[in-house]
Amino acid sequence: MAQADRPLSPHLQVYRWGAHMAVSIMHRATGSALAVGAVLLTWWLVALATGHEYFATVQGYAGTWIGRLVLFGITFALMQHLASGVRHLLMDMGRLYDLKVNALSARMTFIFSILATIAVWYAAYKVMGVL
Amino acid sequence: MADMKTPLAKVRGLGSAKDGTHHWLSHRVTAIANIPLVVFFIVSFVGNAGKGHAEWVAWLKQPIVSVLMILFVANMVYHMRLGLQVLIEDYVHDHGTKFASMIALTFVSVLIAALSIFSILRIAFGG
């Protein structure tokens, strides 16, 4: 019983969840997702070098709704990783350590990545003449 | 029986290899290089969206595009290799699994870089 009243050592579940924590774990998650993207880019480049028939097959996979969903997710991962990566570089230079500025910058990475992902896909569909 | 191991042999594998700073710095340098390369990559892929095989080949054949794509792949894969190494170090605790994961990561990284760069060069120099 007495043990229950002892102060807990700091651990993940005792902290109130914040944007700075979300952006930190998202940096790892998006980085891992981008590794999948690197494999897909390699497949695409190999297909391009192989010839127009195999390239059309791979483009066909990319054009399915699940293919587009994966590419949309990788676009978001790239934008989020880019934004949180720039934030990391600024923190490496000793910036953004004020708590409010830090939390704001964390939120800004998500705002950037969502807007940039939508902008990229809007532009791509515009180029394709779909929109 | 007398211990014939040298002091160096006893501590090998037990502590820092003293190359953490190089890893950290390489990760940052490749991150900085990735910024313009990713912008180039995104702009190119949006600009060529929906194009067919011949048009993509013509795009990649341009010398500047070939070089930038090789730089992008090489830099990005190196950055990926460094980042995933940290994930393995943080989350894989079993020594054997960690060792196997590290070897597999290095092999896969080199393989995808080689396949990508070979494909780019094949198109760049192809007829």
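At what angle do H4(A) and helix H2 (residues 20–47) of chain B pack, and how many Å apart are their axes? In this predicted model, the two helices pack at an angle of about 35 degrees, and their axes are 8 Å apart. On the chain A side of this pairing, Val120(A), Ala123(A), Ala124(A) and Val127(A) of H4(A) are the residues that meet H2(B), where their counterparts are Ile42(B), Val46(B) and Gly47(B). Sorted by class, the contact of H4(A) with H2(B) comprises 6 nonpolar residues and 1 polar residue, with no charged residue.

The pairing can be set within the interface of the two chains, in which 26 residues of chain A are in contact with 26 residues of chain B. On the side of chain A that touches chain B, at least two residues are supplied by each of helix H1 (19–50), helix H2 (52–63), helix H3 (65–92) and helix H4 (99–128) of chain A. The largest share of that side comes from H1(A), which provides 13 residues. The residues of the side of chain A that touches chain B comprise 19 nonpolar, 5 polar and 2 charged.

Chain A itself contains 4 helices and 0 strands, and the pattern read along its sequence is α-α-α-α. H1(A), with 32 residues, reaches 45 Å from its first C-alpha to its last, a span close to the 46 Å expected at 1.5 Å a residue. Just after H1(A), a positive phi of about 150 degrees is found at Gly51(A).

As to overall dimensions, the radius of gyration of chain A is 20 Å, whereas a compact globule of 131 residues would have one near 14 Å. The C-alpha trace of chain A spans about 70 × 35 × 30 Å along its principal axes, and 24% of the 131 residues of the chain count as buried. When contacts in chain A between residues at least 6 apart in sequence are considered, 72% of them join residues at least 24 apart.

Within chain B, helix H3 (residues 53–61) and helix H5 (residues 95–125) pack with their axes 8 Å apart and at an angle of about 95 degrees, which means that H3(B) is roughly perpendicular to H5(B). Val57(B), Leu60(B) and Lys61(B) make this contact from H3(B), while Ile120(B), Ile123(B) and Ala124(B) make it from H5(B). By class, the contact of H3(B) with H5(B) consists of 5 nonpolar residues and 1 charged residue, with no polar residue.

Notes:
Residues are numbered from 1 along each chain as its sequence is written. Chains are lettered from A and ligands numbered from 1 in the order in which they are written. This is a predicted model: local features need pLDDT of at least 70, side-chain atom pairs count only at pLDDT 80 or more; totals for chains, interfaces and linings use all residues. Two residues are in contact if their C-beta atoms, placed from the backbone, lie within 7 Å. Ala, Val, Leu, Ile, Met, Phe, Trp, Tyr, Cys and Pro count as nonpolar, Asp, Glu, Lys and Arg as charged, and the others, Gly among them, as polar. Axes are lines fitted to C-alpha atoms, for helices over the stretch in contact, and angles run from 0 to 180 degrees between N-to-C directions. Angles under 35 degrees count as roughly parallel, over 145 as roughly antiparallel, 65 to 115 as roughly perpendicular and the rest as oblique. The expected span of a helix is 1.5 Å times one less than its number of residues. The radius of gyration is taken over C-alpha atoms; the globule rule is 2.2 Å times the number of residues to the power 0.38. A residue is buried if 20 or more other C-beta atoms lie within 10 Å of its own, exposed if 12 or fewer, and partly exposed in between; C-beta atoms are placed from the backbone.
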